[in-house]
Amino acid sequence: MELHSLKDSFDRVAKKRKVSYSKTHEVTDLIVQEISKAIKVMQSSTLEYQSELAELKKKLQEVSPLNQLEGAQKELNIALIKYPKALEKVFNPDISKAYRNIEFDSPIVNQIIASHFYRQGLFEVGNCFITEAQDAEAAVAMRSLFQELYQMLEAMKSRNLEPALKWAAANSNKLKENGSDLQLRIHHLQFVKILQKGSRDEALKYARTNFASFAGNHMAEIQKLMGCLLYSDRLHESPYAHLLSPTNWDTVTNELTRQFCNLLGQSYESPLSATIAAGIQGLPPLLKFMTVMVGKKHEWQSMNQLPVPVELDKEFQFHSVFVCPVTKEQSTDDNPPMLMSCGHVLCKQSINKMSKNGSKTFKCPYCPTDIDSTQCRQLIF
(Lines give C-alpha, C1' and ligand atoms only; values in the text may rest on other atoms or scores of the structure.)
Protein backbone atom coordinates (compact mmCIF):
# COMPACT_ATOMS: atom_id res chain seq x y z
CA MET A 1 0.00 0.00 0.00
CA GLU A 2 1.23 3.53 -0.85
CA LEU A 3 0.98 4.71 2.75
CA HIS A 4 3.58 2.13 3.76
CA SER A 5 6.14 3.72 1.42
CA LEU A 6 5.22 7.13 2.80
CA LYS A 7 5.77 5.89 6.35
CA ASP A 8 9.17 4.52 5.30
CA SER A 9 10.09 7.94 3.88
CA PHE A 10 9.02 9.62 7.10
CA ASP A 11 11.01 7.13 9.17
CA ARG A 12 14.11 7.88 7.07
CA VAL A 13 13.70 11.62 7.65
CA ALA A 14 13.22 11.04 11.38
CA LYS A 15 16.31 8.81 11.52
CA LYS A 16 18.48 11.33 9.63
CA ARG A 17 17.23 14.16 11.86
CA LYS A 18 18.10 12.14 14.95
CA VAL A 19 21.62 11.44 13.64
CA SER A 20 22.12 15.11 12.73
CA TYR A 21 20.80 16.22 16.12
CA SER A 22 23.12 13.84 17.99
CA LYS A 23 26.14 14.88 15.92
CA THR A 24 25.40 18.57 16.43
CA HIS A 25 25.18 18.09 20.21
CA GLU A 26 28.38 16.05 20.23
CA VAL A 27 30.34 18.69 18.31
CA THR A 28 28.81 21.54 20.32
CA ASP A 29 29.80 19.82 23.59
CA LEU A 30 33.40 19.46 22.34
CA ILE A 31 33.55 23.15 21.41
CA VAL A 32 32.13 24.18 24.79
CA GLN A 33 34.65 21.97 26.59
CA GLU A 34 37.63 23.46 24.70
CA ILE A 35 36.42 27.02 25.27
CA SER A 36 35.83 26.32 28.98
CA LYS A 37 39.36 24.90 29.31
CA ALA A 38 40.82 27.93 27.56
CA ILE A 39 38.92 30.34 29.85
CA LYS A 40 40.19 28.56 32.97
CA VAL A 41 43.79 28.67 31.70
CA MET A 42 43.51 32.37 30.85
CA GLN A 43 41.99 33.17 34.25
CA SER A 44 44.80 31.42 36.10
CA SER A 45 47.63 32.64 33.85
CA THR A 46 49.49 35.95 33.95
CA LEU A 47 50.61 35.57 30.35
CA GLU A 48 49.01 37.39 27.47
CA TYR A 49 45.88 35.90 26.00
CA GLN A 50 47.15 35.74 22.44
CA SER A 51 48.99 32.45 22.92
CA GLU A 52 45.99 30.83 24.63
CA LEU A 53 43.63 32.05 21.92
CA ALA A 54 45.96 30.68 19.26
CA GLU A 55 46.03 27.33 21.06
CA LEU A 56 42.20 27.35 21.29
CA LYS A 57 41.93 28.12 17.58
CA LYS A 58 44.24 25.20 16.81
CA LYS A 59 42.20 22.78 18.93
CA LEU A 60 38.93 23.94 17.38
CA GLN A 61 40.41 23.33 13.94
CA GLU A 62 41.32 19.82 15.05
CA VAL A 63 37.71 19.29 16.21
CA SER A 64 36.69 20.47 12.73
CA PRO A 65 33.04 21.09 13.55
CA LEU A 66 31.99 22.08 10.07
CA ASN A 67 33.44 18.95 8.47
CA GLN A 68 31.82 16.72 11.11
CA LEU A 69 28.42 18.35 10.71
CA GLU A 70 28.47 18.62 6.94
CA GLY A 71 27.92 14.93 6.18
CA ALA A 72 25.02 14.39 8.60
CA GLN A 73 23.34 17.68 7.62
CA LYS A 74 23.70 16.89 3.92
CA GLU A 75 21.98 13.51 4.33
CA LEU A 76 19.19 15.18 6.33
CA ASN A 77 18.69 17.83 3.64
CA ILE A 78 18.42 15.18 0.93
CA ALA A 79 15.81 13.27 2.94
CA LEU A 80 13.87 16.48 3.59
CA ILE A 81 13.85 17.34 -0.13
CA LYS A 82 12.57 13.89 -1.10
CA TYR A 83 9.83 13.67 1.55
CA PRO A 84 7.55 16.45 0.20
CA LYS A 85 7.71 14.79 -3.22
CA ALA A 86 6.62 11.50 -1.66
CA LEU A 87 3.81 13.33 0.14
CA GLU A 88 2.61 14.96 -3.06
CA LYS A 89 2.69 11.63 -4.86
CA VAL A 90 0.51 9.88 -2.28
CA PHE A 91 -1.70 12.79 -1.22
CA ASN A 92 -2.74 14.39 -4.46
CA PRO A 93 -3.48 18.03 -3.63
CA ASP A 94 -6.05 18.32 -6.42
CA ILE A 95 -8.91 15.84 -5.95
CA SER A 96 -11.39 17.92 -7.94
CA LYS A 97 -10.76 15.91 -11.11
CA ALA A 98 -12.45 12.89 -9.49
CA TYR A 99 -15.50 15.00 -8.64
CA ARG A 100 -18.80 14.48 -10.43
CA ASN A 101 -21.51 17.10 -10.81
CA ILE A 102 -24.10 15.30 -8.68
CA GLU A 103 -26.99 17.06 -7.03
CA PHE A 104 -27.06 16.34 -3.31
CA ASP A 105 -30.10 16.38 -1.11
CA SER A 106 -28.95 19.30 1.06
CA PRO A 107 -31.35 18.67 3.99
CA ILE A 108 -30.19 15.03 4.20
CA VAL A 109 -26.52 16.04 4.08
CA ASN A 110 -27.12 18.67 6.77
CA GLN A 111 -28.84 16.10 8.97
CA ILE A 112 -25.93 13.67 8.55
CA ILE A 113 -23.40 16.35 9.56
CA ALA A 114 -25.48 17.54 12.51
CA SER A 115 -26.08 13.94 13.56
CA HIS A 116 -22.33 13.39 13.59
CA PHE A 117 -21.86 16.29 16.02
CA TYR A 118 -24.65 15.01 18.27
CA ARG A 119 -23.14 11.50 18.25
CA GLN A 120 -19.90 13.00 19.56
CA GLY A 121 -21.78 14.84 22.29
CA LEU A 122 -21.02 18.20 20.63
CA PHE A 123 -24.56 19.49 21.07
CA GLU A 124 -23.70 23.20 20.96
CA VAL A 125 -21.73 22.75 17.73
CA GLY A 126 -24.57 20.70 16.23
CA ASN A 127 -27.13 23.33 17.25
CA CYS A 128 -25.02 26.10 15.73
CA PHE A 129 -24.58 24.18 12.47
CA ILE A 130 -28.22 23.25 12.10
CA THR A 131 -29.32 26.84 12.89
CA GLU A 132 -27.06 28.21 10.19
CA ALA A 133 -28.34 25.51 7.83
CA GLN A 134 -31.88 26.73 8.66
CA ASP A 135 -33.19 23.24 9.40
CA ALA A 136 -34.26 23.60 13.03
CA GLU A 137 -36.98 20.93 12.90
CA ALA A 138 -34.48 18.19 12.07
CA ALA A 139 -32.20 19.50 14.86
CA VAL A 140 -34.84 19.02 17.56
CA ALA A 141 -35.48 15.40 16.50
CA MET A 142 -31.81 14.38 16.29
CA ARG A 143 -30.71 16.24 19.40
CA SER A 144 -33.36 14.64 21.58
CA LEU A 145 -32.32 11.17 20.31
CA PHE A 146 -28.74 11.46 21.47
CA GLN A 147 -29.11 13.63 24.56
CA GLU A 148 -30.53 10.72 26.52
CA LEU A 149 -27.62 8.53 25.44
CA TYR A 150 -25.00 11.05 26.50
CA GLN A 151 -26.69 11.64 29.84
CA MET A 152 -26.28 7.92 30.51
CA LEU A 153 -22.68 7.88 29.26
CA GLU A 154 -21.70 10.92 31.35
CA ALA A 155 -23.29 9.33 34.41
CA MET A 156 -21.31 6.11 33.79
CA LYS A 157 -18.08 8.11 33.69
CA SER A 158 -18.76 9.00 37.32
CA ARG A 159 -19.73 5.37 38.01
CA ASN A 160 -23.44 6.17 38.25
CA LEU A 161 -25.45 3.35 36.63
CA GLU A 162 -28.95 4.47 37.55
CA PRO A 163 -29.85 6.17 34.21
CA ALA A 164 -28.52 3.18 32.24
CA LEU A 165 -30.42 0.72 34.47
CA LYS A 166 -33.68 2.62 33.98
CA TRP A 167 -33.24 2.74 30.21
CA ALA A 168 -32.34 -0.97 30.01
CA ALA A 169 -35.37 -1.90 32.15
CA ALA A 170 -37.68 0.16 29.95
CA ASN A 171 -36.31 -1.52 26.81
CA SER A 172 -35.68 -5.01 28.21
CA ASN A 173 -38.05 -6.78 25.77
CA LYS A 174 -36.46 -5.12 22.73
CA LEU A 175 -32.98 -5.95 24.01
CA LYS A 176 -33.98 -9.61 24.40
CA GLU A 177 -35.34 -9.64 20.85
CA ASN A 178 -31.96 -8.39 19.65
CA GLY A 179 -30.21 -11.15 21.63
CA SER A 180 -28.45 -8.61 23.85
CA ASP A 181 -27.56 -9.27 27.49
CA LEU A 182 -26.88 -5.59 28.12
CA GLN A 183 -29.29 -5.37 31.06
CA LEU A 184 -27.49 -8.19 32.88
CA ARG A 185 -24.12 -6.59 32.17
CA ILE A 186 -25.24 -3.34 33.78
CA HIS A 187 -26.59 -5.23 36.82
CA HIS A 188 -23.25 -7.06 36.88
CA LEU A 189 -21.35 -3.75 37.20
CA GLN A 190 -23.73 -2.48 39.86
CA PHE A 191 -23.37 -5.71 41.89
CA VAL A 192 -19.55 -5.49 41.82
CA LYS A 193 -19.71 -1.79 42.67
CA ILE A 194 -21.81 -2.56 45.78
CA LEU A 195 -19.50 -5.42 46.75
CA GLN A 196 -16.43 -3.17 46.43
CA LYS A 197 -17.87 -1.00 49.18
CA GLY A 198 -17.67 -4.05 51.47
CA SER A 199 -21.43 -4.43 51.82
CA ARG A 200 -21.86 -8.17 51.26
CA ASP A 201 -25.43 -8.29 52.61
CA GLU A 202 -26.50 -5.42 50.37
CA ALA A 203 -24.85 -7.08 47.34
CA LEU A 204 -26.64 -10.37 48.09
CA LYS A 205 -29.95 -8.55 48.40
CA TYR A 206 -29.31 -6.80 45.06
CA ALA A 207 -28.51 -10.13 43.40
CA ARG A 208 -31.70 -11.76 44.68
CA THR A 209 -33.76 -8.84 43.42
CA ASN A 210 -32.25 -8.46 39.95
CA PHE A 211 -30.57 -11.70 38.81
CA ALA A 212 -33.47 -14.15 39.03
CA SER A 213 -34.95 -13.28 35.63
CA PHE A 214 -31.60 -14.02 33.92
CA ALA A 215 -30.93 -17.39 35.58
CA GLY A 216 -32.37 -19.42 32.71
CA ASN A 217 -29.77 -18.30 30.14
CA HIS A 218 -26.91 -16.92 32.22
CA MET A 219 -26.59 -19.20 35.25
CA ALA A 220 -22.83 -19.67 34.87
CA GLU A 221 -22.17 -15.94 34.97
CA ILE A 222 -24.49 -15.46 37.95
CA GLN A 223 -22.73 -18.29 39.82
CA LYS A 224 -19.40 -16.57 39.19
CA LEU A 225 -20.78 -13.36 40.68
CA MET A 226 -22.07 -15.26 43.70
CA GLY A 227 -18.57 -16.60 44.22
CA CYS A 228 -17.40 -13.02 44.66
CA LEU A 229 -19.37 -12.84 47.90
CA LEU A 230 -16.76 -15.06 49.55
CA TYR A 231 -14.08 -12.43 48.88
CA SER A 232 -16.05 -9.27 49.58
CA ASP A 233 -13.32 -7.77 51.77
CA ARG A 234 -10.43 -8.70 49.42
CA LEU A 235 -11.95 -8.92 45.97
CA HIS A 236 -8.86 -7.39 44.33
CA GLU A 237 -6.78 -10.37 45.58
CA SER A 238 -9.36 -13.04 44.66
CA PRO A 239 -9.80 -15.24 41.57
CA TYR A 240 -12.43 -12.69 40.51
CA ALA A 241 -10.10 -9.69 40.51
CA HIS A 242 -10.59 -9.31 36.73
CA LEU A 243 -14.18 -8.20 37.43
CA LEU A 244 -12.75 -4.96 38.85
CA SER A 245 -11.03 -4.04 35.58
CA PRO A 246 -12.08 -0.65 34.09
CA THR A 247 -12.29 -2.38 30.70
CA ASN A 248 -15.55 -3.97 31.88
CA TRP A 249 -17.06 -0.48 32.08
CA ASP A 250 -15.71 0.38 28.62
CA THR A 251 -17.23 -2.79 27.17
CA VAL A 252 -20.65 -2.03 28.66
CA THR A 253 -20.44 1.59 27.52
CA ASN A 254 -19.79 0.49 23.93
CA GLU A 255 -22.59 -2.08 24.06
CA LEU A 256 -24.99 0.50 25.50
CA THR A 257 -24.16 2.90 22.65
CA ARG A 258 -24.55 0.13 20.08
CA GLN A 259 -27.92 -1.05 21.41
CA PHE A 260 -29.22 2.49 21.88
CA CYS A 261 -28.45 3.31 18.24
CA ASN A 262 -29.85 -0.04 17.14
CA LEU A 263 -33.21 0.57 18.83
CA LEU A 264 -33.37 4.00 17.20
CA GLY A 265 -32.74 2.51 13.77
CA GLN A 266 -29.37 4.28 13.63
CA SER A 267 -26.00 2.78 12.77
CA TYR A 268 -23.44 2.38 15.53
CA GLU A 269 -20.78 4.18 13.49
CA SER A 270 -21.36 7.73 12.35
CA PRO A 271 -22.53 7.75 8.69
CA LEU A 272 -20.33 10.79 8.08
CA SER A 273 -17.24 9.04 9.46
CA ALA A 274 -17.97 5.89 7.42
CA THR A 275 -18.50 7.94 4.25
CA ILE A 276 -15.26 9.88 4.64
CA ALA A 277 -13.26 6.75 5.50
CA ALA A 278 -14.68 4.91 2.47
CA GLY A 279 -13.95 7.92 0.28
CA ILE A 280 -10.32 7.97 1.42
CA GLN A 281 -9.97 4.35 0.29
CA GLY A 282 -11.85 4.83 -2.98
CA LEU A 283 -10.28 8.11 -4.09
CA PRO A 284 -6.77 6.94 -5.20
CA PRO A 285 -7.94 4.57 -7.99
CA LEU A 286 -10.38 7.22 -9.26
CA LEU A 287 -7.62 9.84 -9.35
CA LYS A 288 -5.37 7.44 -11.27
CA PHE A 289 -8.19 6.77 -13.71
CA MET A 290 -8.79 10.47 -14.29
CA THR A 291 -5.07 11.06 -14.83
CA VAL A 292 -5.17 8.52 -17.65
CA MET A 293 -8.52 9.76 -19.00
CA VAL A 294 -7.71 13.47 -18.55
CA GLY A 295 -8.99 14.29 -22.04
CA LYS A 296 -12.26 12.38 -21.66
CA LYS A 297 -13.78 13.89 -18.54
CA HIS A 298 -17.18 14.13 -20.18
CA GLU A 299 -17.39 10.33 -20.31
CA TRP A 300 -16.81 10.09 -16.56
CA GLN A 301 -19.53 12.64 -15.89
CA SER A 302 -22.10 10.68 -17.90
CA MET A 303 -21.36 7.20 -16.47
CA ASN A 304 -23.98 5.50 -14.30
CA GLN A 305 -21.41 3.44 -12.43
CA LEU A 306 -17.77 3.69 -11.38
CA PRO A 307 -15.39 3.36 -14.34
CA VAL A 308 -12.85 1.24 -12.43
CA PRO A 309 -13.12 -1.39 -9.67
CA VAL A 310 -12.87 0.21 -6.23
CA GLU A 311 -12.00 -2.25 -3.50
CA LEU A 312 -13.22 -1.28 -0.04
CA ASP A 313 -12.60 -3.09 3.25
CA LYS A 314 -15.32 -5.38 4.59
CA GLU A 315 -16.36 -2.78 7.15
CA PHE A 316 -17.71 -0.68 4.28
CA GLN A 317 -19.60 -3.49 2.55
CA PHE A 318 -23.13 -3.03 3.83
CA HIS A 319 -25.06 -4.65 0.97
CA SER A 320 -24.50 -7.63 -1.27
CA VAL A 321 -23.60 -6.78 -4.87
CA PHE A 322 -24.16 -9.18 -7.76
CA VAL A 323 -22.19 -8.88 -11.00
CA CYS A 324 -23.58 -10.84 -13.93
CA PRO A 325 -20.95 -13.32 -15.15
CA VAL A 326 -22.13 -12.84 -18.75
CA THR A 327 -22.26 -9.05 -19.10
CA LYS A 328 -19.82 -8.29 -16.23
CA GLU A 329 -22.22 -5.57 -15.05
CA GLN A 330 -23.75 -5.05 -11.62
CA SER A 331 -27.40 -5.92 -11.19
CA THR A 332 -29.92 -3.10 -10.80
CA ASP A 333 -33.63 -2.79 -9.95
CA ASP A 334 -34.40 -2.94 -13.67
CA ASN A 335 -31.94 -5.76 -14.27
CA PRO A 336 -32.13 -7.95 -11.12
CA PRO A 337 -30.31 -11.24 -10.49
CA MET A 338 -32.38 -14.31 -11.47
CA LEU A 339 -31.98 -17.82 -10.04
CA MET A 340 -32.15 -20.51 -12.74
CA SER A 341 -33.42 -24.07 -12.24
CA CYS A 342 -29.84 -25.40 -12.14
CA GLY A 343 -28.99 -23.15 -9.19
CA HIS A 344 -26.79 -20.68 -11.08
CA VAL A 345 -27.57 -16.96 -11.25
CA LEU A 346 -27.57 -14.52 -14.17
CA CYS A 347 -29.02 -11.07 -14.63
CA LYS A 348 -32.48 -10.76 -16.14
CA GLN A 349 -31.28 -9.04 -19.33
CA SER A 350 -28.76 -11.83 -19.99
CA ILE A 351 -31.50 -14.46 -19.59
CA ASN A 352 -33.85 -12.52 -21.89
CA LYS A 353 -31.14 -12.18 -24.50
CA MET A 354 -30.16 -15.86 -24.47
CA SER A 355 -33.80 -17.05 -24.43
CA LYS A 356 -34.88 -14.61 -27.14
CA ASN A 357 -37.24 -12.96 -24.66
CA GLY A 358 -38.50 -16.30 -23.39
CA SER A 359 -39.24 -17.81 -26.79
CA LYS A 360 -36.78 -20.72 -26.41
CA THR A 361 -34.68 -22.61 -23.91
CA PHE A 362 -30.93 -22.09 -23.60
CA LYS A 363 -27.99 -23.79 -21.97
CA CYS A 364 -26.61 -22.44 -18.73
CA PRO A 365 -23.14 -20.87 -19.25
CA TYR A 366 -21.85 -22.88 -16.26
CA CYS A 367 -23.43 -26.28 -16.77
CA PRO A 368 -25.14 -28.24 -19.58
CA THR A 369 -28.63 -27.77 -18.10
CA ASP A 370 -31.35 -26.55 -20.47
CA ILE A 371 -32.96 -23.49 -18.91
CA ASP A 372 -36.56 -22.39 -19.31
CA SER A 373 -36.63 -18.65 -18.61
CA THR A 374 -40.21 -18.84 -17.32
CA GLN A 375 -39.00 -20.97 -14.40
CA CYS A 376 -36.35 -18.44 -13.31
CA ARG A 377 -37.13 -16.43 -10.21
CA GLN A 378 -35.80 -13.14 -8.96
CA LEU A 379 -33.31 -13.03 -6.10
CA ILE A 380 -33.39 -10.35 -3.45
CA PHE A 381 -30.11 -9.83 -1.57
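This is a friendly chat about a predicted model of one protein chain.

User: Hi! Where do I start? Which domains is the chain divided into?

Analyst: Hello! The chain of this predicted model is divided into domain 1 (3-90), domain 2 (109-264) and domain 3 (323-378).

User: And how far apart are the centres of domain 2 and domain 3?

Analyst: The C-alpha centres of domain 2 and domain 3 are 50 Å apart.

User: Okay, rings next. How many aromatic pairs does a search of the whole structure find?

Analyst: Eight aromatic pairs turn up when the whole structure is searched. One of them is formed by Phe10 and Tyr83, with 6.0 Å from centre to centre and 55° between the planes, so this pair is tilted. Phe10 sits in helix α1 (residues 2-44) and Tyr83 in helix α3 (residues 65-90), and the pair links parts of the chain that are 73 residues apart.

User: Is Phe10 buried, partly exposed or exposed, and what's the reason?

Analyst: Phe10 is partly exposed, because its relative accessible area is 46%, and that class runs between 20% and 50%.

User: What about Trp167 and Phe260, what kind of pair do they form?

Analyst: Trp167 and Phe260 form a tilted pair as well: their ring centres are 5.5 Å apart and the planes are at 35°. Trp167 belongs to helix α7 (residues 162-170) and Phe260 to helix α12 (residues 247-263), so this pair ties together parts of the chain that are 93 residues apart in sequence.

User: Are those two buried or exposed?

Analyst: Trp167 counts as buried because its relative accessibility is 7%. Phe260 is buried too, with a relative accessible area of 3%.

User: Which residues do ring pairs link into a cluster?

Analyst: That cluster is made up of Tyr118, Phe123 and Tyr150, linked by ring pairs.

User: Changing topic: which residues have the most contacts inside the largest nonpolar core?

Analyst: Trp167, Ile186, Phe191 and Leu256 have the most contacts there, in a core of 42 residues. Among the elements that give two or more residues to this core are α4 (106-119), α6 (136-157), α7 and α12.

User: Which element gives the most?

Analyst: That is α9, which gives eight residues to this core. In the numbering of the helices, α9 covers 182-196.

User: Why would nonpolar side chains gather like that?

Analyst: In soluble globular proteins, nonpolar side chains tend to be buried together.

User: Nice. What does Ile186 touch, leaving out residues up to four places away in sequence?

Analyst: Ile186 touches Leu161, Ala164, Leu165, Ala168 and Val252. There is also a second, separate core of nine residues, and it includes Met338, Met340, Phe362 and Cys364.

User: Where is His187, and is it buried or exposed?

Analyst: His187 is in helix α9. It counts as buried because its relative accessibility is 8%, and the buried class means under 20%.

User: What is His187 in contact with, beyond its neighbours within four places in sequence?

Analyst: His187 is in contact with Leu165, Tyr206, Asn210, Phe211 and Phe214. Take Tyr206: it is 19 residues from His187 in sequence, and their C-alpha atoms are 8.8 Å apart in space.

User: Now the charged ones. Which ring does Arg159 lie over?

Analyst: Arg159 lies over the face of Trp249, at 4.2 Å from the ring centre. Arg159 is in the loop between α6 and α7, and it is partly exposed, with a relative accessible area of 34%. Its phi is positive, near 60°, in a residue other than glycine.

User: And where does the charged end of Arg17 sit?

Analyst: The charged end of Arg17 sits over the ring of Tyr21, 5.7 Å from its centre.

User: Where is Asn357, and what is its phi?

Analyst: Asn357 is in the loop between α15 (348-354) and β3 (362-363). Its phi is positive, about 60°, although Asn357 is not a glycine. Asn357 is exposed, because its relative accessible area is 67%.

User: Last one: what does UniProt say about residues 324-367?

Analyst: An unreviewed UniProt entry annotates residues 324-367 as "domain: RING-Gid-type". UniProt also places the feature "zinc finger region: RING-Gid-type" at residues 324-367, again from an unreviewed entry. In the model, this span is 16% helix and 18% strand, and its end C-alpha atoms lie 16 Å apart.

Definitions and conventions: Residues numbered from 1 in each chain as written. Predicted model: local features only at pLDDT ≥ 70, side-chain atom pairs only at ≥ 80, totals over all residues. Heavy atoms only, no water. Domains from an automatic or database assignment. Phe/Tyr/Trp six-rings, centres within 6.5 Å; stacked < 30°, edge-to-face > 60°. Helix = DSSP H or I, 4+ residues; strand = E, 2+ residues; numbered from the N terminus. Buried < 20%, exposed > 50% of the residue type's maximum accessible area, 1.4 Å probe, protein only. Lys NZ or Arg CZ within 6 Å of the ring centre and 35° of its normal. UniProt positions renumbered as here; feature names shortened; annotations may be inferred. Core = buried A, V, L, I, M, F, W, Y, C linked by side-chain atoms within 4.5 Å. Contact = heavy atoms within 4.5 Å.
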